[in-house]
Amino acid sequence: MTAPKASLTHINAAGEAHMVDVSAKARTERHAVARGDVVMAPETLTLCLSGQAKKGDVFATARIAGIMAAKRTHELIPLCHPINLTQVEVEIAPDEALPGLRVAARAKALGETGVEMEALTAVSVACLTIYDMLKAADRAMRIEGILLAEKTGGKSGDYFRAD
């Protein structure tokens with residue numbers, strides 16, 4: 001795991017939060033992957049996989065919600081820049097050992113700033129949507145382990161989580 005940087009870029013010399021000026025940064029291809037899990041009762045997973053959830057198709061709804069969320073990240077996270085995303089993918093896979101659903105979100109852009117927040121927002125909202133779609137069957141579900149798995153591009157270099 002990489003150690004945190006000594007200074008935070010969103011804090012100015014006076015100690016105030018501000019939006020970073022990225023105008024001098026090079027436009028490079030940026031890519032990020034985030035992951036998260038929705039842990040549920042085995043019966044809830046079976047219901048989800050059967051396609052019989054009362055609210056409809058859990059997988060399709062969560063994928064679309066995650067993609068929409070990534071596109072609106074700058075409206076949700078105060079100091080994020082609007083980014084012209086070139087790709088957002090949300091993948092959802094059942095895991096009976098969990099039991100539950102594993103969610104991964106990939107975001108890609110060509111720009112001056114990274115897409116980590118877009119990938120993290122996509123996975124977070126996809127997980128929340130899964131919870132919403134299945135809460136009538138299982139209010140004890142848990143959303144766990146949301147993290148940045150990898151990122152490439154930009155001045156700070158590449159990052160790949162070891163686990």
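## A buried threonine

At 1% relative accessibility, T73 counts as buried (under 20% relative accessible area, with a 1.4 Å probe and protein chains only). T73 lies in helix 3, residues 73-76. Leaving aside residues up to four places away in sequence, T73 touches C80, M117, E118 and T121, where contact means heavy atoms within 4.5 Å.

This is a predicted model, in which local features need pLDDT of at least 70 and side-chain atom pairs count only at pLDDT 80 or more, while totals for chains, interfaces and linings use all residues. Residues are numbered from 1 along each chain as its sequence is written, and side-chain values use heavy atoms, without hydrogens and water.

## The sheet

Five strands form an open sheet in the order 2-3-1-4-5, with antiparallel pairing. Helices (H or I, at least four residues) and strands (E, at least two) are DSSP runs numbered from the N terminus, and two strands pair if DSSP finds at least two bridges between them.

Strand 1 (residues 28-39) and strand 3 (residues 100-111) are antiparallel and joined by 12 bridges. A34 stands opposite A105 in strand 3.

Helix 4 (residues 116-134) lies across strands 1, 2, 3 and 4, at about 25 degrees to strand 1. Axes are lines fitted to C-alpha atoms, for helices over the stretch in contact, and angles run from 0 to 180 degrees between N-to-C directions.

The axes of helix 2 (residues 58-71) and helix 4 come within 7 Å and cross at roughly 145 degrees. Residues of helix 2 including V58, A62 and A69 meet residues of helix 4, among them E118, A122 and L134.

Technical notes: Buried < 20%, exposed > 50% of the residue type's maximum accessible area, 1.4 Å probe, protein only.
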